[in-house]
Amino acid sequence: MSNYQFELNREGVKQLMKSEEMKAVLDEMAHHIAESAEGDYKVDSMTGRTRANAEVSCASAKTYYDNLRNNTLLKAMSNTRRG
């Protein structure tokens, strides 16, 4: 058995999670989810205190109630595959 020890570079992970590249990947996935949901959805992305974030939300009352009744965004997210 090996005595290999893995040490996580926390500063490197922090930089990666807040990078513009990570924000671009999340933004691309969020747009894909919004398109898959086939409705009036908007995408917002930002870099928070610890990581980049992307959000898909309803842009109208019609899509809000459709999502409430049918879990439209959840279904679009589960059907989205990257790769």
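Student: Which helix does Gln15 lie in?

Tutor: Gln15 is part of helix α1. Keep in mind that this is a predicted model.

Student: Is Gln15 buried or exposed?

Tutor: Gln15 is exposed, because its relative accessible area is 52% and the cut-off for exposed is over 50%.

Student: And how are Gln15 and Asp40 placed, going by their C-alpha atoms?

Tutor: Those two C-alpha atoms are separated by 33 Å, with Gln15 and Asp40 sitting 25 residues apart along the chain.

Student: Okay, zooming out. How many helices and strands are there in the protein?

Tutor: The protein has 4 helices and 2 strands. Starting at the N terminus, the order is α-α-β-β-α-α.

Student: How does the radius of gyration of the protein sit against the globule rule?

Tutor: The radius of gyration is 17 Å, well over the 12 Å that the rule gives for 83 residues, so the protein is more spread out than a compact globule. Along the principal axes, its C-alpha atoms fill a box of roughly 55 × 30 × 20 Å.

Student: How much of the protein counts as buried?

Tutor: Of its 83 residues, 19% count as buried. The protein exposes about 6,900 Å², and 49% of that comes from carbon and sulfur atoms.

Student: Which residues make up the largest nonpolar core?

Tutor: That core has 8 residues: Ala30, Ile33, Ala34, Ala37, Tyr41, Val43, Leu73 and Ala76. The elements giving two or more residues to it are α2 (20–37), β1 (41–47) and α4 (72–79). Helix α2 gives the most, with 4 residues.

Student: What does Ile33 touch, if I skip residues up to four places away in sequence?

Tutor: Ile33 touches Val56, Leu73, Ala76, Met77 and Thr80. Leu73 and Ala76 are core members as well.

Student: Staying around there, is Thr72 buried or exposed?

Tutor: Thr72, which is in helix α4, is buried, because its relative accessibility is 12% and buried means under 20%.

Student: And what is Thr72 in contact with, leaving aside neighbours within four places in sequence?

Tutor: Thr72 is in contact with Ala37, Tyr41, Asp66 and Asn67. Ala37 and Tyr41 belong to the largest nonpolar core.

Student: What about phi of Glu38?

Tutor: Glu38 has a positive phi too, near 50 degrees. You'll find Glu38 in the loop between α2 and β1. Glu38 is exposed, at 70% relative accessible area.

Student: Last one, the outside. Which residues form a nonpolar patch on the surface?

Tutor: That patch is made of Tyr4, Phe6, Leu8, Val13 and Met17, and together they have about 540 Å² of accessible area.

Student: Where is Leu8 found?

Tutor: Leu8 is in the segment before α1 (10–17). With a relative accessible area of 44%, Leu8 is partly exposed.

Key. Residues are numbered from 1 along each chain as its sequence is written. This is a predicted model: local features need pLDDT of at least 70, side-chain atom pairs count only at pLDDT 80 or more; totals for chains, interfaces and linings use all residues. Side-chain values use heavy atoms; hydrogens and water are left out. A nonpolar core is a set of buried Ala, Val, Leu, Ile, Met, Phe, Trp, Tyr and Cys residues joined through side-chain atoms within 4.5 Å. Buried means under 20% relative accessible area, exposed over 50%, partly exposed in between (1.4 Å probe, protein chains only). Contact means heavy atoms within 4.5 Å. Patches are made of residues with over 30% relative accessible area and no salt bridge: like charges are joined within 9 Å, nonpolar side chains (Val, Leu, Ile, Met, Phe, Trp, Tyr) within 5 Å. Accessible areas come from the Shrake-Rupley method with a 1.4 Å probe; for residues, only the protein chains shown count as cover. A salt bridge is a side-chain nitrogen of Lys or Arg within 4 Å of a carboxyl oxygen of Asp or Glu. The radius of gyration is taken over C-alpha atoms; the globule rule is 2.2 Å times the number of residues to the power 0.38.
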